[in-house]
Amino acid sequence: MRQRHLWFSQARSWWQHPAFGRGIREMASVSPGLAAWGLMTGVAMVKSGMSSFEAVAMSLLVFAGSSQLAAMPLMAVGAPVWVILSTSFCVNLRFVVFSAHMRPYWMHLPLRWRMFHGYLTADLSYVLFTRHYHHPPANPDESREQLAYFSGGSLFNWVSWQAASLLGIALANVIPTHWGLGFAGILALLGVGCSLASNPLRRVSAGVAGLAAVAAYALPLKLNIVVAIASAVALCLIIEETMPKRTGTAS
Amino acid sequence: MNSPALDTTDLWTLGVIVGLTLVTVLTRCFFVLSSQDWHLPHWAQRGLQYAPIAALAAVVAPEVVMLQGQLISTWQDARLYAALTGAAYFFWRKGQGQAVLGTIVSGMLVYLPLHLGLGW
(Lines give C-alpha, C1' and ligand atoms only; values in the text may rest on other atoms or scores of the structure.)
Protein backbone atom coordinates (compact mmCIF):
# COMPACT_ATOMS: atom_id res chain seq x y z
CA MET A 1 0.00 0.00 0.00
CA ARG A 2 2.76 2.37 1.04
CA GLN A 3 4.63 1.38 -2.07
CA ARG A 4 1.66 2.29 -4.21
CA HIS A 5 1.30 5.61 -2.48
CA LEU A 6 4.89 6.57 -3.25
CA TRP A 7 4.40 5.59 -6.84
CA PHE A 8 1.35 7.78 -7.12
CA SER A 9 2.86 10.83 -5.44
CA GLN A 10 5.88 10.60 -7.74
CA ALA A 11 3.64 10.63 -10.81
CA ARG A 12 1.56 13.46 -9.34
CA SER A 13 4.65 15.59 -8.77
CA TRP A 14 5.12 15.48 -12.54
CA TRP A 15 1.68 16.16 -13.86
CA GLN A 16 1.06 18.99 -11.42
CA HIS A 17 4.23 20.80 -12.52
CA PRO A 18 3.78 23.63 -15.07
CA ALA A 19 6.38 21.98 -17.32
CA PHE A 20 3.95 19.08 -17.87
CA GLY A 21 1.56 21.40 -19.74
CA ARG A 22 4.45 22.96 -21.66
CA GLY A 23 5.51 19.48 -22.75
CA ILE A 24 1.98 18.79 -23.99
CA ARG A 25 1.72 22.10 -25.87
CA GLU A 26 5.05 21.69 -27.65
CA MET A 27 4.24 18.13 -28.62
CA ALA A 28 0.78 19.23 -29.79
CA SER A 29 2.33 21.53 -32.38
CA VAL A 30 3.98 18.60 -34.14
CA SER A 31 1.27 15.99 -33.57
CA PRO A 32 -0.80 16.60 -36.74
CA GLY A 33 2.05 15.26 -38.85
CA LEU A 34 2.57 12.32 -36.54
CA ALA A 35 -1.15 11.66 -36.46
CA ALA A 36 -1.19 11.40 -40.26
CA TRP A 37 1.73 8.99 -40.04
CA GLY A 38 0.00 6.97 -37.29
CA LEU A 39 -3.16 6.86 -39.38
CA MET A 40 -1.28 5.43 -42.35
CA THR A 41 0.52 2.92 -40.11
CA GLY A 42 -2.90 1.73 -38.92
CA VAL A 43 -4.10 1.42 -42.51
CA ALA A 44 -0.92 -0.41 -43.53
CA MET A 45 -1.26 -3.01 -40.76
CA VAL A 46 -4.73 -4.03 -41.88
CA LYS A 47 -3.75 -3.95 -45.58
CA SER A 48 -0.82 -6.27 -44.84
CA GLY A 49 -3.35 -8.93 -43.87
CA MET A 50 -3.58 -8.62 -40.09
CA SER A 51 -6.92 -9.05 -38.35
CA SER A 52 -8.29 -5.97 -36.58
CA PHE A 53 -7.49 -7.52 -33.21
CA GLU A 54 -3.89 -8.21 -34.22
CA ALA A 55 -3.50 -4.71 -35.62
CA VAL A 56 -4.89 -3.12 -32.44
CA ALA A 57 -2.62 -5.29 -30.27
CA MET A 58 0.40 -4.40 -32.39
CA SER A 59 -0.34 -0.69 -32.23
CA LEU A 60 -0.97 -0.57 -28.48
CA LEU A 61 1.94 -2.83 -27.49
CA VAL A 62 4.74 -2.37 -30.01
CA PHE A 63 4.32 1.44 -30.27
CA ALA A 64 7.13 1.94 -32.78
CA GLY A 65 5.97 3.00 -36.24
CA SER A 66 9.13 2.32 -38.22
CA SER A 67 9.65 -1.07 -36.57
CA GLN A 68 6.03 -2.02 -37.25
CA LEU A 69 6.29 -0.97 -40.90
CA ALA A 70 9.47 -3.01 -41.28
CA ALA A 71 7.97 -6.10 -39.61
CA MET A 72 4.64 -6.13 -41.50
CA PRO A 73 5.79 -7.44 -44.88
CA LEU A 74 7.95 -10.06 -43.16
CA MET A 75 5.05 -11.25 -41.02
CA ALA A 76 2.77 -11.35 -44.05
CA VAL A 77 5.05 -13.88 -45.77
CA GLY A 78 5.63 -15.84 -42.56
CA ALA A 79 9.36 -15.12 -42.33
CA PRO A 80 11.30 -16.83 -39.49
CA VAL A 81 10.67 -15.15 -36.15
CA TRP A 82 14.35 -14.40 -35.53
CA VAL A 83 14.54 -12.53 -38.86
CA ILE A 84 11.52 -10.41 -37.95
CA LEU A 85 12.79 -9.62 -34.46
CA SER A 86 16.33 -8.82 -35.54
CA THR A 87 15.03 -6.56 -38.31
CA SER A 88 12.94 -4.71 -35.76
CA PHE A 89 15.93 -4.53 -33.40
CA CYS A 90 18.12 -2.95 -36.07
CA VAL A 91 15.43 -0.47 -37.11
CA ASN A 92 15.20 0.46 -33.42
CA LEU A 93 18.97 0.80 -32.88
CA ARG A 94 18.66 4.58 -32.80
CA PHE A 95 16.65 4.17 -29.59
CA VAL A 96 19.67 2.46 -28.04
CA VAL A 97 21.62 5.66 -28.76
CA PHE A 98 18.78 7.71 -27.25
CA SER A 99 18.81 5.57 -24.08
CA ALA A 100 22.54 6.15 -23.64
CA HIS A 101 21.82 9.88 -23.81
CA MET A 102 18.94 9.70 -21.31
CA ARG A 103 20.79 7.56 -18.76
CA PRO A 104 22.32 10.43 -16.70
CA TYR A 105 18.93 12.16 -16.66
CA TRP A 106 17.11 9.16 -15.21
CA MET A 107 19.54 7.08 -13.20
CA HIS A 108 18.34 8.48 -9.87
CA LEU A 109 14.88 7.00 -10.56
CA PRO A 110 13.81 3.45 -9.66
CA LEU A 111 14.01 0.90 -12.46
CA ARG A 112 10.25 0.81 -13.10
CA TRP A 113 10.20 4.55 -13.84
CA ARG A 114 13.28 4.33 -16.02
CA MET A 115 11.54 1.62 -18.02
CA PHE A 116 8.29 3.57 -18.14
CA HIS A 117 9.98 6.68 -19.53
CA GLY A 118 12.22 4.57 -21.74
CA TYR A 119 9.25 2.81 -23.33
CA LEU A 120 7.71 6.19 -24.17
CA THR A 121 10.92 7.58 -25.70
CA ALA A 122 9.80 7.82 -29.31
CA ASP A 123 11.75 9.99 -31.78
CA LEU A 124 9.92 13.20 -30.99
CA SER A 125 9.67 12.79 -27.21
CA TYR A 126 13.46 12.39 -27.18
CA VAL A 127 14.22 15.18 -29.61
CA LEU A 128 11.91 17.77 -28.04
CA PHE A 129 13.27 16.94 -24.59
CA THR A 130 16.95 17.17 -25.50
CA ARG A 131 16.27 20.39 -27.42
CA HIS A 132 15.34 22.02 -24.09
CA TYR A 133 17.48 20.27 -21.52
CA HIS A 134 21.15 20.12 -22.42
CA HIS A 135 22.35 18.90 -19.03
CA PRO A 136 21.18 16.24 -16.59
CA PRO A 137 19.40 17.65 -13.51
CA ALA A 138 21.67 19.11 -10.83
CA ASN A 139 19.07 19.04 -8.05
CA PRO A 140 15.61 17.57 -7.26
CA ASP A 141 13.76 20.65 -8.52
CA GLU A 142 15.42 20.49 -11.93
CA SER A 143 14.77 16.78 -12.07
CA ARG A 144 11.08 17.29 -11.32
CA GLU A 145 10.78 19.91 -14.04
CA GLN A 146 12.58 17.77 -16.62
CA LEU A 147 10.51 14.69 -15.88
CA ALA A 148 7.31 16.74 -15.91
CA TYR A 149 8.19 18.16 -19.34
CA PHE A 150 9.15 14.75 -20.67
CA SER A 151 6.03 13.03 -19.30
CA GLY A 152 3.69 15.66 -20.72
CA GLY A 153 5.18 15.42 -24.19
CA SER A 154 5.67 11.67 -24.32
CA LEU A 155 2.20 10.83 -22.94
CA PHE A 156 0.55 13.24 -25.37
CA ASN A 157 2.59 11.68 -28.17
CA TRP A 158 1.46 8.19 -27.09
CA VAL A 159 -2.21 9.17 -26.93
CA SER A 160 -2.27 11.01 -30.25
CA TRP A 161 -0.28 8.29 -32.04
CA GLN A 162 -2.59 5.56 -30.71
CA ALA A 163 -5.77 7.51 -31.49
CA ALA A 164 -4.61 8.06 -35.08
CA SER A 165 -3.41 4.50 -35.51
CA LEU A 166 -6.66 3.00 -34.19
CA LEU A 167 -8.60 5.33 -36.48
CA GLY A 168 -6.48 4.08 -39.37
CA ILE A 169 -7.27 0.47 -38.46
CA ALA A 170 -11.00 1.30 -38.37
CA LEU A 171 -10.95 3.20 -41.68
CA ALA A 172 -8.43 0.95 -43.46
CA ASN A 173 -10.77 0.18 -46.30
CA VAL A 174 -11.84 3.79 -46.83
CA ILE A 175 -8.48 5.62 -46.91
CA PRO A 176 -6.46 4.90 -50.05
CA THR A 177 -2.74 4.56 -49.37
CA HIS A 178 -1.85 6.23 -52.68
CA TRP A 179 -2.89 9.60 -51.26
CA GLY A 180 0.43 9.53 -49.44
CA LEU A 181 -0.87 11.12 -46.23
CA GLY A 182 1.98 9.43 -44.36
CA PHE A 183 4.32 12.02 -45.87
CA ALA A 184 3.01 14.45 -43.25
CA GLY A 185 4.95 12.41 -40.67
CA ILE A 186 8.17 13.01 -42.60
CA LEU A 187 7.37 16.73 -42.74
CA ALA A 188 6.86 16.74 -38.95
CA LEU A 189 10.31 15.17 -38.49
CA LEU A 190 11.74 17.68 -40.98
CA GLY A 191 10.26 20.60 -39.02
CA VAL A 192 11.68 19.35 -35.74
CA GLY A 193 15.02 18.74 -37.47
CA CYS A 194 15.05 22.38 -38.63
CA SER A 195 14.42 23.53 -35.08
CA LEU A 196 17.50 21.60 -33.95
CA ALA A 197 19.79 23.15 -36.57
CA SER A 198 20.77 25.88 -34.13
CA ASN A 199 24.53 25.85 -34.61
CA PRO A 200 26.90 25.13 -37.52
CA LEU A 201 28.11 21.76 -36.29
CA ARG A 202 24.56 20.50 -35.90
CA ARG A 203 23.90 21.51 -39.50
CA VAL A 204 27.01 19.58 -40.49
CA SER A 205 25.66 16.62 -38.52
CA ALA A 206 22.33 16.77 -40.38
CA GLY A 207 24.01 17.07 -43.77
CA VAL A 208 26.42 14.20 -43.19
CA ALA A 209 23.73 11.94 -41.73
CA GLY A 210 21.34 12.67 -44.60
CA LEU A 211 23.97 11.93 -47.25
CA ALA A 212 25.21 8.82 -45.45
CA ALA A 213 21.70 7.45 -44.99
CA VAL A 214 21.07 7.78 -48.74
CA ALA A 215 24.49 6.44 -49.74
CA ALA A 216 24.25 3.44 -47.39
CA TYR A 217 20.60 2.74 -48.18
CA ALA A 218 21.38 -0.65 -49.68
CA LEU A 219 22.47 -2.02 -46.30
CA PRO A 220 20.05 -4.61 -44.94
CA LEU A 221 17.85 -4.11 -41.86
CA LYS A 222 17.80 -0.30 -42.15
CA LEU A 223 21.36 -0.25 -40.82
CA ASN A 224 21.92 2.84 -42.98
CA ILE A 225 20.30 4.89 -40.19
CA VAL A 226 22.83 3.71 -37.62
CA VAL A 227 25.76 4.16 -40.02
CA ALA A 228 24.51 7.69 -40.71
CA ILE A 229 24.24 8.63 -37.03
CA ALA A 230 27.65 7.14 -36.23
CA SER A 231 29.43 8.88 -39.11
CA ALA A 232 27.78 12.25 -38.42
CA VAL A 233 28.62 12.13 -34.71
CA ALA A 234 32.19 10.98 -35.39
CA LEU A 235 32.81 13.72 -37.94
CA CYS A 236 31.40 16.41 -35.65
CA LEU A 237 33.65 15.23 -32.82
CA ILE A 238 36.69 15.37 -35.10
CA ILE A 239 35.80 18.88 -36.28
CA GLU A 240 35.25 19.94 -32.66
CA GLU A 241 38.72 18.67 -31.77
CA THR A 242 40.58 20.17 -34.69
CA MET A 243 38.88 23.53 -35.05
CA PRO A 244 39.99 26.35 -32.74
CA LYS A 245 37.50 26.81 -29.89
CA ARG A 246 34.99 29.53 -30.55
CA THR A 247 32.73 31.22 -28.07
CA GLY A 248 29.21 29.91 -27.69
CA THR A 249 29.56 26.20 -28.28
CA ALA A 250 26.53 23.94 -28.18
CA SER A 251 23.48 25.91 -27.25
CA MET B 1 1.38 -22.94 -41.87
CA ASN B 2 1.91 -19.52 -40.48
CA SER B 3 0.64 -17.13 -43.08
CA PRO B 4 -2.17 -15.23 -41.41
CA ALA B 5 -5.39 -15.25 -43.37
CA LEU B 6 -7.65 -12.23 -43.47
CA ASP B 7 -9.46 -11.56 -40.23
CA THR B 8 -8.42 -14.63 -38.38
CA THR B 9 -6.29 -14.04 -35.35
CA ASP B 10 -3.59 -16.66 -34.98
CA LEU B 11 -1.22 -17.43 -32.17
CA TRP B 12 1.89 -17.16 -34.32
CA THR B 13 1.10 -13.52 -35.16
CA LEU B 14 0.29 -12.69 -31.54
CA GLY B 15 3.55 -14.33 -30.46
CA VAL B 16 5.50 -12.19 -32.95
CA ILE B 17 3.70 -9.07 -31.67
CA VAL B 18 4.76 -9.92 -28.10
CA GLY B 19 8.34 -10.43 -29.37
CA LEU B 20 8.28 -7.05 -31.15
CA THR B 21 7.01 -5.44 -27.94
CA LEU B 22 9.99 -6.87 -26.06
CA VAL B 23 12.30 -5.50 -28.76
CA THR B 24 10.76 -2.03 -28.29
CA VAL B 25 11.29 -2.21 -24.52
CA LEU B 26 14.81 -3.60 -24.86
CA THR B 27 16.03 -1.01 -27.37
CA ARG B 28 14.36 2.02 -25.76
CA CYS B 29 15.55 1.07 -22.27
CA PHE B 30 18.89 -0.45 -23.30
CA PHE B 31 21.26 1.79 -21.35
CA VAL B 32 18.95 2.58 -18.44
CA LEU B 33 18.31 -1.04 -17.42
CA SER B 34 21.51 -1.62 -15.47
CA SER B 35 21.80 0.06 -12.07
CA GLN B 36 25.58 -0.38 -12.05
CA ASP B 37 27.51 2.81 -11.52
CA TRP B 38 29.17 3.59 -14.81
CA HIS B 39 29.37 6.64 -17.00
CA LEU B 40 29.67 7.16 -20.69
CA PRO B 41 33.15 8.28 -21.71
CA HIS B 42 33.38 12.05 -21.98
CA TRP B 43 33.80 12.10 -25.76
CA ALA B 44 30.67 9.99 -26.15
CA GLN B 45 28.67 12.37 -23.99
CA ARG B 46 29.79 15.30 -26.12
CA GLY B 47 29.12 13.38 -29.29
CA LEU B 48 25.56 12.60 -28.28
CA GLN B 49 24.47 16.20 -28.71
CA TYR B 50 24.85 15.67 -32.46
CA ALA B 51 22.81 12.43 -32.44
CA PRO B 52 19.22 13.77 -32.40
CA ILE B 53 19.53 15.86 -35.54
CA ALA B 54 21.54 13.12 -37.24
CA ALA B 55 18.83 10.55 -36.46
CA LEU B 56 16.14 12.82 -37.91
CA ALA B 57 18.14 13.62 -41.04
CA ALA B 58 18.90 9.93 -41.55
CA VAL B 59 15.22 9.03 -41.38
CA VAL B 60 14.00 11.98 -43.46
CA ALA B 61 16.53 12.22 -46.33
CA PRO B 62 15.88 8.81 -47.95
CA GLU B 63 12.11 9.38 -47.65
CA VAL B 64 12.45 12.56 -49.72
CA VAL B 65 15.00 11.70 -52.42
CA MET B 66 14.67 7.92 -52.86
CA LEU B 67 12.05 5.67 -54.40
CA GLN B 68 12.13 1.90 -54.01
CA GLY B 69 15.74 1.93 -52.94
CA GLN B 70 16.98 4.12 -55.82
CA LEU B 71 17.91 7.78 -55.85
CA ILE B 72 15.20 9.49 -57.86
CA SER B 73 16.33 10.76 -61.26
CA THR B 74 13.51 13.17 -61.96
CA TRP B 75 12.57 16.63 -60.73
CA GLN B 76 8.91 15.70 -61.04
CA ASP B 77 8.56 14.41 -57.51
CA ALA B 78 6.08 16.05 -55.15
CA ARG B 79 8.17 15.19 -52.08
CA LEU B 80 11.08 17.43 -53.16
CA TYR B 81 8.92 20.54 -53.45
CA ALA B 82 6.94 19.72 -50.32
CA ALA B 83 10.10 19.32 -48.23
CA LEU B 84 11.67 22.49 -49.67
CA THR B 85 8.47 24.46 -49.02
CA GLY B 86 8.20 23.12 -45.47
CA ALA B 87 11.82 23.96 -44.64
CA ALA B 88 11.52 27.39 -46.30
CA TYR B 89 8.43 28.11 -44.22
CA PHE B 90 10.24 27.11 -41.05
CA PHE B 91 13.22 29.38 -41.66
CA TRP B 92 11.02 32.23 -42.90
CA ARG B 93 9.19 32.08 -39.55
CA LYS B 94 12.61 31.76 -37.87
CA GLY B 95 11.24 28.78 -35.95
CA GLN B 96 8.93 30.98 -33.89
CA GLY B 97 5.40 30.11 -32.78
CA GLN B 98 3.83 27.18 -34.56
CA ALA B 99 6.63 26.90 -37.12
CA VAL B 100 6.71 23.08 -37.08
CA LEU B 101 2.96 22.90 -37.60
CA GLY B 102 3.38 25.39 -40.44
CA THR B 103 6.09 23.18 -41.94
CA ILE B 104 3.68 20.25 -42.00
CA VAL B 105 0.72 22.22 -43.35
CA SER B 106 2.60 24.19 -46.03
CA GLY B 107 4.45 21.05 -47.11
CA MET B 108 1.22 19.07 -47.49
CA LEU B 109 -0.43 21.97 -49.34
CA VAL B 110 2.29 21.60 -51.96
CA TYR B 111 2.49 17.81 -51.77
CA LEU B 112 -1.16 16.84 -52.21
CA PRO B 113 -1.94 18.85 -55.39
CA LEU B 114 1.30 17.79 -57.08
CA HIS B 115 0.95 14.16 -55.99
CA LEU B 116 -2.77 13.66 -56.57
CA GLY B 117 -3.30 16.28 -59.29
CA LEU B 118 -0.21 15.78 -61.46
CA GLY B 119 0.73 12.29 -60.30
CA TRP B 120 4.25 13.40 -59.29
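Contact here means heavy atoms within 4.5 Å. The model is predicted, so that local features need pLDDT of at least 70 and side-chain atom pairs count only at pLDDT 80 or more, while totals for chains, interfaces and linings use all residues. Residues are numbered from 1 along each chain as its sequence is written, chains are lettered from A in the order in which they are written, and side-chain values use heavy atoms, with hydrogens and water left out.

View 1. Beyond its neighbours within four places in sequence, A:Ser151 is in contact with A:Trp14, A:Phe20, A:His117 and A:Phe156. The relative accessible area of A:Ser151 is 4%, and the residue is therefore buried (under 20%, 1.4 Å probe, protein chains only).

**View 2. The interface between chain B and chain A.** Contacts join 74 residues of chain B to 87 residues of chain A. The buried area (accessible area, 1.4 Å probe, lost by two parts on being put together, summed over both) is about 7100 Å², with 75% given by carbon and sulfur atoms. On the chain B side, B:Arg28, B:Tyr50 and B:Ile53 lose the most area to chain A, together 12% of what that side buries.

**View 3. The salt bridge between A:Glu241 and B:Arg46.** These two side chains meet at 3.3 Å, N to O, in a salt bridge (a side-chain nitrogen of Lys or Arg within 4 Å of a carboxyl oxygen of Asp or Glu). The count of salt bridges between chain B and chain A is 2.

Note on methods: Buried means under 20% relative accessible area, exposed over 50%, partly exposed in between (1.4 Å probe, protein chains only).
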